[in-house]
There are 2 protein chains.
Amino acid sequence: MSEPGWRVVLLLAGAFRQGVDALNGELAEQGYPGARPVHGFALQAIGPDGCTINELGQRLGVSKQAAAKTATGLENAGYVARESVPADRRAVLLRRTERAEELLAASAVGFERVVDGWRRQVGAERFDAMVEALAIVADDKPIGDLPGWLVQRPPP
Amino acid sequence: MSEPGWRVVLLLAGAFRQGVDALNGELAEQGYPGARPVHGFALQAIGPDGCTINELGQRLGVSKQAAAKTATGLENAGYVARESVPADRRAVLLRRTERAEELLAASAVGFERVVDGWRRQVGAERFDAMVEALAIVADDKPIGDLPGWLVQRPPP
DNA sequence: GCGATATCGTCAACCAGGTTGTCGAGTAGC
DNA sequence: GCTACTCGACAACCTGGTTGACGATATCGC
């Protein structure tokens, strides 16, 4: 193995960042210049049926307070609406808006484009091997607290 | 392609995080329980001959104020010493201590162990394919602004 | 039915790491 | 020598995370 260990880990970070940057470009092209992948992740976590703030926190691997802040941001951006839960008057049901569904669709398209580009770059066979290997290595590790540059505002 | 695009990007993040967590574990075992990869990263940037705060900021891609904070942290942890530059009495020369050299050596060992573990998990052939693919995808993208969980303190 | 206990979401305080702006000290150019 | 620039420090602020406390509500046990 020619690569030193630290370089492999650095490559993972670089590839991830490359993907995020590319996706941001795709989303900007599709009319969501301010959308960050973190929005998509959170909306995915909310799911088509909605979820409460606590559940969102668990799914994202952060505290419920952090999840509440995220939810507020999403709400202000018009991506989620708060509904009440009939069965539990303490709980708040976060539900995706139509705008969120559109963003998710655009995001899925963007991801496919980015990843298809990668597949073409590295070759289908090697690409599939990479994905298999990543799946083993990553071992369903939750993202947890998302990197700062995931949500960095685009330069004004 | 069975994997949706977004999952591939998620796997990259998960694998990176897995590597960082594993390295933290290795470093803790080797007697550096508080060391984070970001320390090694900054020490690498300082280099064997040392550098000034401004240079450190440029090399890490952050402002000199942020570099100064990093340098203070490194100094408090005993990894760097401040020396004066005879040619310029404004400047401060950051220089690695012996302890820093030891940390860097331990860090290299830790990275090797982590990556060897991965290689064993996924098989040498597939692993090499993954690294090749990552090198193409990452395309020497610089890390830039480091993720927050890179420096997260270990739970007490 | 009712008290004890647990959970939901919010507020407040704090931390880490980043940013910009300002400023004194020191260097360099004319 | 005066001016302009650079180095590093300080202060203020932003973002996104954390923990702790608390009111409101559910749920359990008797």
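1. A salt bridge here is a side-chain nitrogen of Lys or Arg within 4 Å of a carboxyl oxygen of Asp or Glu. By that rule the structure holds 16 salt bridges over all chains. Three of them are described below.

2. This is a predicted model: local features need pLDDT of at least 70, side-chain atom pairs count only at pLDDT 80 or more, and totals for chains, interfaces and linings use all residues. Residues are numbered from 1 along each chain as its sequence is written, chains are lettered from A and ligands numbered from 1 in the order in which they are written, and side-chain values use heavy atoms, with hydrogens and water left out.

3. In chain A, A:Arg113 and A:Glu26 form a salt bridge, 3.0 Å from N to O. The partners sit 87 residues apart: A:Arg113 in helix H5 (residues 98-122), A:Glu26 in helix H1 (residues 5-29). Helices (H or I, at least four residues) and strands (E, at least two) are DSSP runs, numbered from the N terminus.

4. How accessible are these two? A:Arg113 is partly exposed at 43% relative accessible area, while A:Glu26 is buried at 15%. Buried means under 20% relative accessible area, exposed over 50%, partly exposed in between (1.4 Å probe, protein chains only).

5. In chain B, B:Arg95 pairs with B:Glu83 in a salt bridge, with the closest N and O atoms 3.1 Å apart. B:Arg95 lies in strand S2 (residues 88-96) and B:Glu83 in strand S1 (residues 80-85), so the bridge ties together parts 12 residues apart in sequence. B:Arg95 is partly exposed at 29%. B:Glu83 is partly exposed at 35%.

6. B:Arg119 and B:Asp128 also meet in a salt bridge, at 3.3 Å from N to O. B:Arg119 is buried at 17%; B:Asp128 is partly exposed at 31%.
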